[in-house]
Amino acid sequence: MSDAVPALADGAPEGAFKARHALLKRLADVVSLPASRINAFERAVTGDLLVEMLRLAAPEERRRVAARLAPLAELPNSLARLLLRDEPMIAGLLIEQCASLTDADLIACARDTGTEHRFLMASRRGLTEVVTETLIGFGEPGVIEAVLRNPTARLSQAAVEMAVAASRSRPELNGALLKRPELRPSGAYVMFWWCDGEDRRTILQRFAVSREVMQEVADGVFPMAAAENWQDPVSRKALQFIERRQRNRAAIEKSPFASLEDAVQSAGQQGLSRETAAEIAYLAGIKPLTGAKIMGDPGGEPTAILCKATGLGKDDLRALWRSMRRPETTAEGAPDETWTRVQTTFDMLAVDRAQTVLRYWNWSLSSAMTPALIRAIRMGEEDAIDEYSTPERAAMMALAQDFGR
């Protein structure tokens, strides 16, 4: 008589194989033994046998084994691979509970499975930068939001930038993204353009930083640059960002207006033409492209930032608002909600902080506008975003919608 175990009969009732149930449980117990009772090779061989059994086991049997193995500090790799690719209710036991899973295990699971697995993974405790970057890279809004709301997850700057880009078309991501400690002003200033009024207020309160420290350390450098006649473009660009003066004094000599106030009041009386808008931008020390983006914004807060940063008063803000044919009251005579928010923005910001925001916009929306970037914006080449510098990435995201019109 042969000692070989006979093949199992096809079509037998699922609960009929008591031996299979017992063997699965005992092999799982062996894999769970401490290192003092079983060496790594014995654990690996037992795990391989268990894998072969689980391939043919019923879902409930696989679920019981997964529940038994999830708390282990050491899990055979073959078992982890199999169970992590199982149905979400089974894989989820390991994803949520198994501390022995490596970043490689999680990344492979994310790539080889579907959205449900990635959504479960997004809430796992202690996710590292490489894992969150992989999860966010799939571009699934539910997964991205779950990662952002996971307080124990760590995000790389690449992951933050991907989330910022995704938030442009998924406003539900804005709130969670703005609470992340990894978000930097560069990302927040770009998000500003597509955030609602409440989120814009959060951005200005948290990220509109002062340049006082930079101004102190660079104080002695301005005379050096002036003595060199500002010939070095590298230091000149940086010092333009740091300096306290916002308005472009040289533009006054070429302008048909006597001052920035004169240009704004003229626009308020006659309406904002393309030429006047360009003059206001030049006199304010920004490029016309930046000025067009600011004055064309439907929310209006950028206009308040422009006025505050350049030292304009509330009367000038009102004149600029009227020049754009924006309402100050509703049809019923009540204060217009948007206009009220714009005035609040003007009041809440200090001049120095408003200048930081304005100069960053000008830096990112104009100086980075190379032909390659414009082509990328028009073609929507977001896959090539890593080829660009921080201001170029900011320009790509902030202007993509405008160029798509």
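User: Which residues of α6 meet His117, Arg118 and Met121 in α7?
Analyst: This is a predicted model, and here we look at two of its helices, α6 (residues 103-112) and α7 (residues 115-122). On the α7 side the contact uses His117, Arg118 and Met121. Their partners in α6 are Leu106, Cys109 and Ala110.

User: At what angle do α6 and α7 pack?
Analyst: Their axes are 8 Å apart, and α6 passes α7 in a left-handed crossing. The packing angle is about 145°.

User: Are α1 and α3 roughly parallel or oblique to each other?
Analyst: Helix α1 covers residues 18-31 and helix α3 residues 59-69, and their axes come within 10 Å. They cross at roughly 20°, while angles under 35 degrees count as roughly parallel. So α1 and α3 are roughly parallel.

User: What about α18 and α22: are they parallel or oblique to each other?
Analyst: The axes of α18 (residues 260-270) and α22 (residues 314-323) come within 7 Å. They cross at roughly 45°, and the roughly parallel range is for angles under 35 degrees. That makes α18 and α22 oblique.

User: Which hand does the crossing of α18 with α22 have, and which residues of α22 make the contact?
Analyst: α18 passes α22 in a left-handed crossing. α18 brings Glu261, Val264, Gln265, Ala267 and Gly268 to the contact. By class, this contact has four nonpolar, three polar and three charged residues. The α22 residues in it are Asp315, Asp316, Ala319, Leu320 and Ser323.

User: Which element gives the most to the lining of the largest pocket?
Analyst: The pocket has a volume of about 830 Å³. Elements giving two or more residues to its lining are α16 (233-242), α17 (249-254) and α24 (351-367). The top contributor, with seven residues, is α16.

User: And which residues lie nearest the centre of the largest pocket?
Analyst: The pocket is lined by 26 residues. By class, the lining has 11 nonpolar, seven polar and eight charged residues. Nearest the centre lie Gln240, Phe241, Glu243, Gly285 and Asn362.

Definitions and conventions:
Residues are numbered from 1 along each chain as its sequence is written. This is a predicted model: local features need pLDDT of at least 70, side-chain atom pairs count only at pLDDT 80 or more; totals for chains, interfaces and linings use all residues. Side-chain values use heavy atoms; hydrogens and water are left out. Axes are lines fitted to C-alpha atoms, for helices over the stretch in contact, and angles run from 0 to 180 degrees between N-to-C directions. Helices (H or I, at least four residues) and strands (E, at least two) are DSSP runs, numbered from the N terminus. Angles under 35 degrees count as roughly parallel, over 145 as roughly antiparallel, 65 to 115 as roughly perpendicular and the rest as oblique. A crossing is left-handed if the near helix is turned anticlockwise from the far one by less than a right angle, and right-handed if clockwise. Contact means heavy atoms within 4.5 Å. Ala, Val, Leu, Ile, Met, Phe, Trp, Tyr, Cys and Pro count as nonpolar, Asp, Glu, Lys and Arg as charged, and the others, Gly among them, as polar. On a 1 Å grid over the protein atoms alone, a cavity is a set of points where a 1.4 Å probe fits but cannot get out, and a pocket is an open set with protein on both sides within 12 Å along at least five of seven lines; lining residues have an atom within 4 Å of a point. Grid points are joined across faces, edges and corners, and a volume is the space filled by probe spheres set on the points.
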